[in-house]
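Have a look first, then read on.

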Amino acid sequence: MWGLTKLAAMLATGISFLGPNQQTRLEACRVNLHCHLEALLPPVTITSMAKKNNITLPEDMWKFQQTFFYPSFEHFADAYFKMILPIQNAQDYYDGALAALKRFKEIGTCYSEIKFCPDCIVKGVDWQDAYAEIKRAIEESEVEGAFYTRLILTFVRGLTNETNAVSYVDWIVEQHQKGDKLIVGIDVSGNEAQFPDLSPYVAAYAAASKASLKKTVHAGELQGPEAVDQAIRLLDPDRIGHGISAINSSETLERLRKNNIPLEVNIKSNVCLSAQNITSYIAHPFYELLQANVTVVLGSDDDTLFGSSILVEEAAIFDNFPLTQKDIWGIYNTSITHSFAPEELKARLYQMWEQAYSQGYKRSKFRTQE
Ligand SMILES: [Zn+2]
């Protein structure tokens, strides 16, 4: 059995940059379809931002790093709000996004969809200014043929009301008309147990459908399979965030299969929050979902708060379930299929995946493991 650390070190071959002409040699093409911007800021970035902005961080600021275990969603929210304390202005969003994307590059991510939450932007900063700075960081980080990022605008349960949700969709459509297509879809996140009702978002999702925007929604992470059913019934999603409680209902599993809706699975996040009472990787229904012919794609959710990354997810799968490295590469290919990237970018991503497969996987020591 490979240890997580050893495996992670071995897998950490990413993109080799060959020069200023941006020619690259891809050795990995990891696809991360579920993660939240603010929670991707590396601790070193948060600390230096606090210093720059003269913010004193709480003494117990990094206590969560001891175990990355949260006894409740409220504990998790508390750590999240401490983490974003140093963010003071729009420029900080640029710095934070740039640092997060650099880390993604280092671990061989070739495409990610990052959730951007206008209602989470810190007080005193205009969310559209923050968006402009995040966009600047994404555009500067993009590497032709090797590294791409798109955004998903997420509403927050209990925070984003019906009117605002609709106005955000209208705004995205307006940006698309102006030629800015960085935001590829919408999402609902937040505390599902406290705010289980998705009906405030029906109008916004209908408007998104009309505008051909893609749709995902966090459901069935903390609540039972009925939450997944509700999401499918009310919001007609292209993907579901988490959705792991579906494993408890054969009807819900059938609904996911029939509608070809993949689940964005984030294993470490579920363990850290004991979602569905899952407290270990091995107890996670990831493999059962695959066996039930439900499509899964991967995400890291909140990297800094969970000590997760797409690499950690990959290692957790490899170490705990009877899947080969080739199977995991297959999941990344599926992730491209179900990504919200426009068709021409998808075609590019498939090419990148092929290139990484032939240059990375085929030469990989993992081949002897099969
Ligand atoms: Zn999430």
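## The core

Which residues have the most contacts inside the largest nonpolar core? In this predicted model, they are Cys110, Phe116, Ile134 and Ala231, and the core they belong to has 106 residues. As background, nonpolar side chains in soluble globular proteins tend to be buried together.

Zoom in on Ala231: setting aside neighbours within four places in sequence, its contacts are Leu198, Val217, Ala219, Pro237 and Ile240.

## Two packed helices

Now for α4 (residues 90-106) and α5 (residues 127-141), which pack at an angle of about 30° with their axes 8 Å apart. Angles under 35 degrees count as roughly parallel, and α4 and α5 are therefore roughly parallel to each other. Their crossing is right-handed.

On the α4 side, the residues involved are Ala90, Gln91, Tyr93, Tyr94, Ala97, Leu98 and Leu101; they meet Asp129, Ala130, Glu133, Ile134, Arg136, Ala137, Ile138 and Ser141 in α5. Sorted by class, that contact has ten nonpolar, two polar and three charged residues. Ile134 turns up here as well as in the list of core residues with the most contacts.

## Positive phi without glycine

Phe68 isn't a glycine, yet has a positive phi of about 55°. You'll find Phe68 in the loop between α2 (43-52) and α3 (73-83). With 18 C-beta neighbours inside 10 Å, Phe68 counts as partly exposed.

Asn260 is another non-glycine with a positive phi, of about 50°. Asn260 sits in the loop between α9 (250-258) and β9 (263-265). Buried or exposed? Asn260 counts as exposed, because it has 9 C-beta neighbours inside 10 Å.

Key. Residues are numbered from 1 along each chain as its sequence is written. This is a predicted model: local features need pLDDT of at least 70, side-chain atom pairs count only at pLDDT 80 or more; totals for chains, interfaces and linings use all residues. A nonpolar core is a set of buried Ala, Val, Leu, Ile, Met, Phe, Trp, Tyr and Cys residues joined through C-beta atoms within 7 Å. A residue is buried if 20 or more other C-beta atoms lie within 10 Å of its own, exposed if 12 or fewer, and partly exposed in between; C-beta atoms are placed from the backbone. Two residues are in contact if their C-beta atoms, placed from the backbone, lie within 7 Å. Helices (H or I, at least four residues) and strands (E, at least two) are DSSP runs, numbered from the N terminus. Axes are lines fitted to C-alpha atoms, for helices over the stretch in contact, and angles run from 0 to 180 degrees between N-to-C directions. Angles under 35 degrees count as roughly parallel, over 145 as roughly antiparallel, 65 to 115 as roughly perpendicular and the rest as oblique. A crossing is left-handed if the near helix is turned anticlockwise from the far one by less than a right angle, and right-handed if clockwise. Ala, Val, Leu, Ile, Met, Phe, Trp, Tyr, Cys and Pro count as nonpolar, Asp, Glu, Lys and Arg as charged, and the others, Gly among them, as polar.
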